[in-house]
Amino acid sequence: TGQAAMISSLIARADVERSAARFEAATRDADLALARATELGYRPLIARALLSRGRIGIDVLAPDRGAAQFAAALSEAIAAGDDPLAVEAFARQAWAVATTQGPARATDGLPMIEGLVEKLGERGTFERALLRLNLANVALARGDREVARAAFMRARSEVAVVNARSIELTAVLAG
């Protein structure tokens with residue numbers, strides 16, 4: 001519908017504004033997208049808007065680093081059947097929780113997410129690598145350097161093609 005296209009445009013614009021460090025504009029557009037997607041009741045767009053809002057929370061150093069939005073995005077994505085978005089939301093939530101609340105419960109629910117990753121197969125390269133990278137960071141927060149190293153190595157091996165979505169991964173994994 002035209003309404004869904006307009007909401008998608010708002011989310012895309014919020015993501016561009018976030019990338020350009022225009023956080024006030026990004027927040028405004030992501031919040032508007034979330035409100036309109038909620039009014040429409042269209043879960044795939046609600047999930048995307050929540051993910052966008054959570055990513056802004058990371059960049060502006062929100063107290064929970066977007067964990068609440070990532071958790072909500074995860075639920076909406078699962079309900080909508082958007083497995084790639086569910087995996088991405090979980091990966092980002094795990095990092096946000098480990099960073100702000102400690103690593104003890106950061107990976108609660110991981111077996112279900114691993115099932116989604118397996119189901120995605122080759123289609124989920126970005127999400128799988130992002131998950132491994134964030135699991136490595138959670139392991140580091142727990143002080144488990146061996147697990148972290150293994151997860152970093154798995155993430156590195158899964159980033160085969162550089163594209164717009166994997167830029168954030170390649171920068172981290174190149175080091």
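**Exercise 1. The nonpolar core**

Find which residues of the largest nonpolar core touch the most other members.

*Solution.* Start with the term: a nonpolar core is a set of buried Ala, Val, Leu, Ile, Met, Phe, Trp, Tyr and Cys residues joined through side-chain atoms within 4.5 Å. Buried means under 20% relative accessible area, exposed over 50%, and partly exposed in between, with a 1.4 Å probe and protein chains only. The largest core has 40 residues, and V87, F90, I113 and L131 touch the most other members. Next, look at the suppliers: α1, α2, α3, α4, α5, α6 and α7 (125-142) each provide at least two residues of this core. Helix α5 gives the most, with ten residues. Helices here are DSSP runs (H or I, at least four residues; strands would be E, at least two), numbered from the N terminus.

Before going on, a word on the model: it is predicted, so local features need pLDDT of at least 70 and side-chain atom pairs count only at pLDDT 80 or more, while totals for chains, interfaces and linings use all residues. Residues are numbered from 1 along each chain as its sequence is written, and side-chain values use heavy atoms, leaving out hydrogens and water.

**Exercise 2. Helix α5**

Check the span of α5 against the expected value, and describe what stands at its start and what follows it.

*Solution.* The expected span is 1.5 Å times one less than the number of residues. With 18 residues, α5 reaches 26 Å from its first C-alpha to its last, close to the 26 Å expected. Of these 18 residues, 14 are buried. At the start, a side-chain oxygen of D82 comes to within 3.1 Å of the backbone nitrogen of L85. After the helix comes G102, with a positive phi near 100°.

**Exercise 3. R92**

*Solution.* The side chains of R92 and E88 are joined by one of 2.9 Å.

**Exercise 4. A106 and F90**

List the contacts of A106, leaving aside neighbours within four places in sequence.

*Solution.* A106 sits in the loop between α5 and α6 (110-120), and is buried at a relative accessible area of 4%. Contact means heavy atoms within 4.5 Å. By that rule, A106 is in contact with F90, A94, V97, A98 and V138. Turning to F90, its contacts beyond four places in sequence include A106, L74, I113 and L131. Finally, A106 and L135 are 29 residues apart in sequence, yet their C-alpha atoms are 9.0 Å apart.

**Exercise 5. Positive phi in a loop**

Which phi values do L61 and R65 take?

*Solution.* Recall that most residues other than glycine have a negative phi. L61, in the loop between α3 (43-59) and α4 (67-80), has a positive phi near 55°. R65 also lies in the loop between α3 and α4, and its phi is positive at about 50°. L61 counts as exposed because its relative accessibility is 57%.

Terms used
A polar contact is a pair of N or O atoms within 3.5 Å; within protein, one must be able to donate a hydrogen and the other to accept it, and residues adjacent in sequence count only if both atoms are side-chain atoms.
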